[in-house]
Amino acid sequence: MKRLALPLLAMALAACSTAPKKSPPPPTGGTASPPTASSGADAGKDCSRYAPAQEDPSTRGHYTAGGLYKPGVSDSTPDHLPDLDCIREPQVTAEPRSRVGNKSPYSVLGKQYRVLDRVDGYVEQGTASYYGNKFHGRRTSNQEVYDMYAYSAAHKSLPLPSFARVTNLDNGKSVVVRVNDRGPFHEGRVIDLSYAAAVKLGITQRGTGRVEVRALIPDGASLAAAPAPVPAPVAPSAMDQLVGALPKDAARYHVPAKAGDTPSAAGFEAWMKANGVRVASGRPATPMASSTGRAVLSAPATPVRETASAPASMPLPPALQLQVASFSSRDNADRALARLVAAGIAEARLSDVPGAARPLWRLRVGAADAASAEALAGRIASLGFGRPQIVRE
């Protein structure tokens, strides 16, 4: 039974649906867990109340397998604000992955999630929530003890443990957290913060906040400065297959080239004419220039055979647009787009955000109507993205 309980516990934690109510902290006892953050007192301060949390045996059990811990029981916060001078941010170090809490894929409340193999370049924006007394002293998904007075967090896909810098996009405050739990499984939220982290970011009054989550490497630098990640493999497009089928001997197209060379542009054009193939994108072929100087194609090129009975037609623009995400890293944007395309979501598009103070790219998906938009939103959410919203501009 013990071996069975561990993986079930790993799925038990979910995000708070509202701001926790205030109440006295629960009693603690049992075996102390390894500290999840470096904490210590400044000179002249009594910080004894912020010693690493111990397991509270009363928090064991009371979970729904593959679901929530004590569903229907409200969370609460302490009757005082923590003294942040007594709480130090964790040191970003290289730690081995926990033996539990990193199963991939895993399912919670009927939805499937995947743990990232690597966190290179991970940056995400969205809504953060926090959790408090209800979970204080309870085992986290990797079997550490949740301490609401330490800078920690729960995340759906970052490995356990790992580190991230969370920044409040409304006031600029930030904190480094150690991710040692799973969640939040509330729709539309990207991270669940410890109570202390939420206090430092200034989101405890509203209960949630608009944040950026940026993974950190062991030396404390942002992974955005690390070498560009290898993009996920994408199935070759029809145009890739077409070009791959070209014979290597360009001489047959009367183009000066040595046998075995890749055909030149003129040879390629001659081959296309000989095979009655044209490229129809539905839009002018001239690419739009982005604010960074990189070309952004206005539409994917689709090879078609044009005949008298079936002329090429111009596709209608989608009636609705779903906003999937915005990215400050073009590589991350390309990877997200490739993931959607590989999943068969062909209407995914990247575009620059006009007027932004820094380069930003937004990922959107077109839908024909409200019904198809709802179905697409569900598919996209199942891939690990947040649930996209209909663009209203």
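Colleague: Is Gly188 buried, exposed or partly exposed?

Modeller: Gly188 is partly exposed, at a relative accessible area of 42%. Buried means under 20% relative accessible area, exposed over 50%, and partly exposed in between, with a 1.4 Å probe and protein chains only. Before we go on: this is a predicted model, where local features need pLDDT of at least 70 and side-chain atom pairs count only at pLDDT 80 or more, while totals for chains, interfaces and linings use all residues. Residues are numbered from 1 along each chain as its sequence is written, and side-chain values use heavy atoms, with hydrogens and water left out.

Colleague: Where is Gly188 in the fold?

Modeller: In the loop between S8 and S9. Helices (H or I, at least four residues) and strands (E, at least two) are DSSP runs, numbered from the N terminus.

Colleague: Moving to cores. Which residues have the most contacts inside the largest nonpolar one?

Modeller: Val166, Val177, Ile191, Leu193 and Val213, in a core of 37 residues. A nonpolar core here is a set of buried Ala, Val, Leu, Ile, Met, Phe, Trp, Tyr and Cys residues joined through side-chain atoms within 4.5 Å.

Colleague: Which elements give two or more residues to this core?

Modeller: Strands S5 (123-131), S6 (152-154), S7 (162-168), S8 (174-181), S9 (189-194) and S10 (209-215), plus helix H2 (195-201). H2 gives the largest share, six residues.

Colleague: And what is Val213 in contact with?

Modeller: Leaving aside neighbours within four places in sequence, Val213 contacts Tyr122, Val123, Glu124, Ala164, Arg165, Val166, Val190 and Ile191. Contact means heavy atoms within 4.5 Å.

Colleague: How many bridges join S15 to S18?

Modeller: Two, and the strands run antiparallel. S15 covers residues 320-327. Leu322 stands opposite Ile390 in S18.

Colleague: What span should H5 have, and how far apart are its end C-alpha atoms?

Modeller: H5 has 13 residues (330-342), so at 1.5 Å a residue it should span 18 Å; its end C-alpha atoms are 18 Å apart, which agrees. The expected span is 1.5 Å times one less than the number of residues.

Colleague: Which residues of H5 are buried?

Modeller: Arg330, Asn332, Ala333, Ala336, Leu337, Ala338 and Leu340. After the helix comes Gly344, with a positive phi near 90°.

Colleague: Switching to charges. How many salt bridges are there in the whole structure?

Modeller: The search finds 14. A salt bridge is a side-chain nitrogen of Lys or Arg within 4 Å of a carboxyl oxygen of Asp or Glu. One of them joins Lys45 and Asp83, at 3.1 Å, N to O. Lys45 is in the loop between S1 (21-22) and S2 (76-77), and Asp83 in the loop between S2 and S3 (106-108), 38 residues apart.

Colleague: What is the relative accessibility of Lys45, and of Asp83?

Modeller: Lys45 has 35% and Asp83 has 27%. Lys45 counts as partly exposed, and so does Asp83.

Colleague: What about Arg178 and Glu144, buried or exposed?

Modeller: Both are buried. They form a salt bridge with the closest N and O atoms 2.7 Å apart. Arg178 lies in S8 and Glu144 in the loop between S5 and S6, so the pair ties together parts 34 residues apart in sequence.

Colleague: Which residues do salt bridges with shared partners join into one network?

Modeller: Lys45, Asp83 and Asp85.

Colleague: Last one. Where is Thr59, and what does Thr59 touch?

Modeller: Thr59 is in the loop between S1 and S2 and counts as buried at 5% relative accessibility. Not counting residues up to four places away in sequence, Thr59 touches Tyr69, Lys134, His136, Gly137 and Arg138.

How values were computed:
Two strands pair if DSSP finds at least two bridges between them.
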